[in-house]
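Trainee: I have a new model open and would like to learn how to read it. Could we go through it together, step by step?

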Amino acid sequence: MSINVQKAEFIKSAADKKAFLRDGRPTAVFAGRSNVGKSSVINRLLNRNNFARVGGKPGKTVQVNYFLVDKCYFVDLPGYGFAKVSGEERERWGRLMEDFFAEPERISLGVMLVDARHRPSADDVTMSDYFWSCGSPFCVVANKADKLKKSEIPERLAEISETLHLPEGFPLILFSAETGQGRGELLSLLEKSL
């Protein structure tokens, strides 16, 4: 299905599993560290500046945010791994994620964001484990590609694949929310999956 990215609206934020949407629409789920640029990637996909809120401080998204894009949902999950968050807040995040991934049939495609400049963290590995264990199809998007030299790219992508145990041919997209690199490839994958 082709996605009309001009038709996009914020629907709701869900703070617990009772508030999750379960109306059967195809759903793309965006997950990643607090400062990896999830909201910026969503904004770039939709060609909007501040549609998904971009926080000045990492850890801005603390609930599950639902956006209706044409006939499907883009779901922005709370970011993880931000050091200045209390232990209580981390536990709340963990419970929210466990509840969310307990219903994998609602995930048409997971979009897991990592920072193209760094080896994926232990939290990134945990997030990829969530996707693997629930059996949902997902791709990995290496954002902030504009900050890499061309010569660094092969090594960075190999490191991401190795750390996250991605099989050969697994969708790993080099992306830049800044320049739009990778936008067409990710949109095409979303359209096939949704």
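Trainee: Is Asp124 buried or exposed?

Mentor: Good place to start, and keep in mind that this is a predicted model. Asp124 is found in helix α3. Its relative accessibility is 3%, and buried means under 20%. Therefore Asp124 counts as buried.

Trainee: Which residue's side chain does the side chain of Asp124 join in a polar contact?

Mentor: Start with the neighbours: leaving aside those within four places in sequence, Asp124 is in contact with Arg33, Tyr80, Met112, Leu113, Val114 and Leu164. One of these, Tyr80, is 44 residues away in sequence, with a C-alpha to C-alpha distance of 8.6 Å. The polar contact between side chains has a length of 2.6 Å, and the partner of Asp124 is Tyr80.

Trainee: Where do the buried residues of α3 fall when seen down its axis?

Mentor: Let's list them before looking down the axis: Asp124, Met127, Ser128, Tyr130, Phe131 and Cys134 are buried in α3. They fall within an arc of 140 degrees, so they line one face of the helix. On the other side of α3, Ala122 and Ser133 are exposed. The answer, then, is an arc of 140 degrees.

Trainee: Which elements do the buried residues of α3 pack against?

Mentor: First, place the helix: α3 covers residues 122-134, and its 13 residues reach 19 Å from first C-alpha to last, close to the 18 Å expected. After α3 comes Gly135, with a positive phi near 80 degrees. The buried residues of the helix pack against β2, α2, β5 and β6.

Trainee: What joins the side chains of Thr163 and Arg119?

Mentor: Thr163 lies in helix α4, which covers residues 153-163. Thr163 is buried, because its relative accessible area is 13%. Not counting residues up to four places away in sequence, Thr163 touches Arg119, Pro120 and Val125. The side chains of Thr163 and Arg119 are joined by a polar contact of 2.8 Å.

Trainee: Which backbone nitrogen does the side chain of Asp16 reach?

Mentor: Asp16 is found in the loop between β1 and β2. At 34% relative accessibility, Asp16 counts as partly exposed. At 3.1 Å, the side chain of Asp16 reaches the backbone nitrogen of Lys18.

Trainee: What is the radius of gyration of the protein chain?

Mentor: The chain has five helices and seven strands. For its 194 residues, the globule rule gives 16 Å, and the chain comes close to that, so it is as compact as a globular protein of that length. Its radius of gyration is 15 Å.

Trainee: What percentage of the residues in the protein chain is buried?

Mentor: For a whole-chain picture, the C-alpha trace spans about 45 × 40 × 35 Å along its principal axes. Of the 194 residues in the chain, the buried ones make up 51%.

Notes:
Residues are numbered from 1 along each chain as its sequence is written. This is a predicted model: local features need pLDDT of at least 70, side-chain atom pairs count only at pLDDT 80 or more; totals for chains, interfaces and linings use all residues. Side-chain values use heavy atoms; hydrogens and water are left out. Helices (H or I, at least four residues) and strands (E, at least two) are DSSP runs, numbered from the N terminus. Buried means under 20% relative accessible area, exposed over 50%, partly exposed in between (1.4 Å probe, protein chains only). A polar contact is a pair of N or O atoms within 3.5 Å; within protein, one must be able to donate a hydrogen and the other to accept it, and residues adjacent in sequence count only if both atoms are side-chain atoms. Contact means heavy atoms within 4.5 Å. The expected span of a helix is 1.5 Å times one less than its number of residues. The arc is that of the directions from the helix axis to the C-beta atoms. The radius of gyration is taken over C-alpha atoms; the globule rule is 2.2 Å times the number of residues to the power 0.38.
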